[in-house]
Amino acid sequence: MAESSRITLFDRGLTALDDATLQSLGTCTELDLSDNSLRTPRGFERLPQLTSLILDNNCLSDSFFADFPVCPNLQTLCVNGNHITDLCSFLEQVQRFAPRLTYLSMLKNECCPRLVSILETDQNAYPRYRLHVIHTLRTLTFLDSTPITDNEREEALRVGDLMRVQKAVPVQPPATAPLDDGLLADHEAAHVFDSDPKNSAFFGTRRYRYDGSQSEGNRYIVNSDL
């Protein structure tokens with residue numbers, strides 16, 4: 001196993017790369033750690049030879065990459081299905097620790113607009129996101145699920161810096177002030193009559209049929225006059 005160039009440690013419950021795991025990796029250059037629970041980048045500094053790293057579905061947040069060690073040979077990075085929220089900060093970190101990156105996939109993160117979704121209110125969000133990523137990471141040739149086209153690269157160089165995506169900040173709804181005791185009493189009193197059907201008011205419409213009995217002229221006509 002130590003001499004293999006590609007190693008998959010899928011769903012092993014890993015929270016970190018301990019000594020035993022690192023020893024088993026040996027001179028591995030392509031590492032798949034999908035579906036684990038990594039909480040720290042500690043140990044990756046001992047794997048400078050990595051060219052491909054897959055970290056899908058690890059619940060990784062922005063802070064995980066803030067201290068990620070430099071991987072000078074890394075060309076492929078997949079971080080799909082994590083909790084990356086700050087796109088600009090993440091791209092800055094990727095620039096730092098993976099200067100030779102050519103393939104990046106980060107679908108299903110909060111900072112990545114959905115590629116195709118009827119729920120997406122801004123249908124141009126994903127194309128703008130691509131332009132900004134391409135502008136920031138100039139070495140990329142493939143982003144998410146598609147290669148980068150020459151037209152995209154030209155457009156990214158022209159307007160990519162204007163396509164910055166701000167970190168979403170949850171907005172708390174304003175607190176509703178409680179009713180004043182006096183207003184609350186009036187509010188409750190106004191609904192007391194509802195408990196007695198005889199005192200209840202009815203609002204609505206009804207169908208009315210005219211039969212002539214209420215006509216002023218008909219009040220003075222008896223049957224013998226007909």
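Let's start with Arg 6: does it count as buried, partly exposed or exposed, and at what relative accessibility? Please build out from there to the sheet, the charged pairs and the rings.

Analyst: Arg 6 counts as partly exposed, because its relative accessibility is 44%; buried means under 20% relative accessible area, exposed over 50%, and partly exposed in between, using a 1.4 Å probe and protein chains only. Before going further, a word on the ground rules: this is a predicted model, where local features need pLDDT of at least 70 and side-chain atom pairs count only at pLDDT 80 or more, while totals for chains, interfaces and linings use all residues. Residues are numbered from 1 along each chain as its sequence is written, and side-chain values use heavy atoms, with hydrogens and water left out.

Back to Arg 6. Its side chain meets that of Glu 30 in a salt bridge at 3.0 Å, N to O (a side-chain nitrogen of Lys or Arg within 4 Å of a carboxyl oxygen of Asp or Glu). Arg 6 sits in strand E1 and Glu 30 in strand E2 (residues 30-32), so the pair links distant parts of the chain, 24 residues apart; helices (H or I, at least four residues) and strands (E, at least two) are DSSP runs, numbered from the N terminus. Glu 30 is partly exposed too, at 28% relative accessibility.

Strand E2 also holds Asp 32. Asp 32 is buried yet has no salt bridge, and the nearest side chain of opposite charge is Arg 6, 4.7 Å away (Lys and Arg count as positive, Asp and Glu as negative; His and the chain ends are not counted). Leaving aside neighbours within four places in sequence, Asp 32 is in contact with Ile 7, Thr 8, Leu 9, Phe 10 and Ile 54, contact being heavy atoms within 4.5 Å.

Now the sheet itself. It is open, with seven strands in the order E1-E2-E3-E4-E5-E6-E7 and mixed pairing; two strands pair if DSSP finds at least two bridges between them. E1 (6-8) and E7 (146-147) are the edge strands, each with a single partner, so one side of each has no neighbour in the sheet. Elsewhere in the sheet, E4 (residues 76-78) and E5 (residues 103-105) run parallel over three bridges, with Leu 77 opposite Leu 104 in E5.

The salt bridge count comes to four. Another of them joins Arg 46 and Asp 19 at 3.0 Å, N to O. Here Arg 46 is in the loop between E2 and strand E3 (52-54), and Asp 19 is in helix H1 (residues 19-25), 27 residues apart. Then there's Glu 152 with Arg 130, at 2.6 Å, N to O. Glu 152 belongs to helix H5 (residues 150-159) and Arg 130 to helix H4 (residues 125-136), so this pair ties together parts 22 residues apart in sequence. Arg 130 counts as buried, at 4% relative accessibility.

On to the rings: the whole structure has nine aromatic pairs (rings of Phe, Tyr and Trp, its six-membered ring, with centres within 6.5 Å; planes under 30 degrees apart are stacked, over 60 edge-to-face, the rest tilted). Phe 68 and Phe 97 have centres 4.7 Å apart and planes at 45 degrees, so they are tilted. Phe 68 lies in the loop between helix H2 (62-66) and E4, Phe 97 in helix H3 (residues 87-97), 29 residues apart. Both Phe 68 and Phe 97 are buried.
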